[in-house]
Amino acid sequence: MLSFDDFKKIELKVAQIKEVKEHPNADRLYVLQVDTGGEVRQIVAGIRKAYTPEQLINRKVILVANLEPATIRGEVSNGMLLAASDVNGMALLMPEKDIAIGSIVK
């Protein structure tokens, strides 16, 4: 089990997807540029089968902002998008209302 103090260390922010490219070495991955309100970060996300680039541009999503960078098939990822999946597919977790980019998820 994760303690509440450990959970509080996770930084969740509202980010906006600004650019979407297909990963050159993986058919399930996109390489995204996301605006966190203070900077633009590159994120590698396994959401290509669920969303087209047009469906993602300018969408606000929830970003795990304080993960260590990871290299995924040769591309650096500086965070992780929150998504849920089941037998019916995948869905990104997104703010229900218009909220400022960079807002902290509590």
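Biologist: N58 has a relative accessibility of 45%; is that buried, partly exposed or exposed?

Modeller: Glad you asked! This is a predicted model in which local features need pLDDT of at least 70 and side-chain atom pairs count only at pLDDT 80 or more, while totals for chains, interfaces and linings use all residues. Residues are numbered from 1 along each chain as its sequence is written, and side-chain values use heavy atoms, without hydrogens and water. Buried means under 20% relative accessible area and exposed over 50%, with a 1.4 Å probe and protein chains only, so N58, at 45%, is partly exposed.

Biologist: Where is N58 found, and what is its phi?

Modeller: N58 lies in the loop between α2 (53-56) and β4; helices here are DSSP runs of H or I with at least four residues, strands are runs of E with at least two, and both are numbered from the N terminus. N58 is not a glycine, yet its phi is positive, near 70°.

Biologist: What is the relative accessible area of R73?

Modeller: R73 also has a positive phi without being glycine, near 50°. R73 sits in the loop between β5 (70-72) and β6 (75-77). This residue is exposed, with a relative accessible area of 54%.

Biologist: Which strands stand at the edges of the sheet?

Modeller: Five strands, paired antiparallel, form an open sheet in the order β3-β2-β1-β4-β7; two strands pair if DSSP finds at least two bridges between them. Two of the strands have a single partner each, so one side of each lacks a neighbour in the sheet: β3 (40-45) and β7 (80-81).
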